Amino acid sequence: TQVTSNGSTWVDVDMVFGTGGEWQPHTFRVGAYVEPSANVRVRFSVADINPSDSVTESGIDNFVVTELQCVDIIAPEILHGITGASFAEAAFGGYIDPRSESDNGVDINLGIDGLIIAFSEPVTDIGGGQLTAAAFVVSETGGATPPGISGFELIDAQTARLTLTRPITVQQWTTVVASVQDMVGIPIQNLGNQGPGVDETDRVDIGFLPANVDQNGSVNPLDLLRFKQYVNGVLTPPDGANIDFIDTNRSGGVNPLDVLSFKRLINGISPATQSWSGASMNSARP
């Protein structure tokens, strides 16, 4: 078995010297041999080596190409103070939480401190074994010590809930990187940071900027327009549910008090910790 990415240079992947008439399964990760691209080709050769007077034949069955990806975060667990938890529906890759950061105007104690990570297929830890918290690493922009993972729950073979030690940092990006493999041992593709705004297969980025309803990384007059449009049903966000954008007081539902809460966030009236009008994310999305 050989593989190529340019059609001229072929790399040996596997060699089998007879199977006794039985099917022999084999898997390999393309990236371990050639650069993955749309030009990748696989070929199979069969030969009668020694002696050269026997019947030579082979068969290929059930040839499958798969790509393991870390799907965007779904249903982030949103804790609002010590009063309990509500669950949002979105937190797609690049989601910026625009809701309240404080319940007293002093402490930044509200925000995302739990995530549900879903994969495109069942996964295990690297090396096999049931998925654990060790498969995930959390980092943040800005140089501060990122939150750790204080709790882990395996929901099913491709979904896990992570509880963080604190809410993600306001005005910074938080990245969760997964190191896992699929059920046949192929690791998830890790290409590293591909630059601002690019969705990478093994990680998700989420941000936190109160009042940034339109998700552009800064708080400006367009956020007020988007807030009105989402409240009135004139427009819906491209990803997620309205509650992720306009439940500004984190009550678990959308009601008239959210309009008051949005105004407080813009103007810096308690329980907002500051005026968020004109504020921006401190770093580009990693």
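Where does Gln 171 lie? Let's start there, everyone: Gln 171 is in the loop between β11 and β12. Helices (H or I, at least four residues) and strands (E, at least two) are DSSP runs, numbered from the N terminus. Before going on, please keep in mind that this is a predicted model, where local features need pLDDT of at least 70, side-chain atom pairs count only at pLDDT 80 or more, and totals for chains, interfaces and linings use all residues. Residues are numbered from 1 along each chain as its sequence is written, and side-chain values use heavy atoms, with hydrogens and water left out.

Back to Gln 171. Its phi is near 70 degrees, a positive value in a residue other than glycine. Gln 171 counts as buried because its relative accessibility is 16%; buried means under 20% relative accessible area, exposed over 50%, and partly exposed in between, with a 1.4 Å probe and protein chains only.

Asn 62 also has a positive phi, near 60 degrees, and is not a glycine. Asn 62 lies in the loop between β3 and β4, and at 64% relative accessibility it counts as exposed.

Ile 60 is found in the loop between β3 and β4 (74-80), and its 52% relative accessibility makes it exposed.

Three strands form an open, antiparallel sheet in the order β2-β1-β3. β2 (11-12) and β3 (41-43) are at the edges with a single partner strand each, so one side of each has no neighbour in the sheet. Strands pair if DSSP finds at least two bridges between them, and 2 bridges join β1 (residues 2-4) to β2. Val 3 has Val 11 in β2 as its bridge partner.

On to the charges. How many salt bridges does a search of the whole structure find? The search finds 6, each being a side-chain nitrogen of Lys or Arg within 4 Å of a carboxyl oxygen of Asp or Glu.

One of them is between Arg 250 and Asp 97, at 2.9 Å, N to O. That pair links distant parts of the chain, 153 residues apart: Arg 250 in the loop between α2 (243-246) and α3 (257-267), and Asp 97 in strand β6 (residues 95-97). Both residues are buried.

Another is Asp 205 with Arg 285, whose closest N and O atoms are 3.1 Å apart. Asp 205 is buried at 2% relative accessibility, and Arg 285 is buried at 14%.

And here is a contrast. Glu 101 is buried yet has no salt bridge, with Arg 250, the nearest side chain of opposite charge, 7.4 Å away. Here Lys and Arg count as positive and Asp and Glu as negative, while His and the chain ends are not counted. What the side chain of Glu 101 does have is a 2.6 Å polar contact with that of Thr 273. A polar contact is a pair of N or O atoms within 3.5 Å; within protein, one must be able to donate a hydrogen and the other to accept it, and residues adjacent in sequence count only if both atoms are side-chain atoms.
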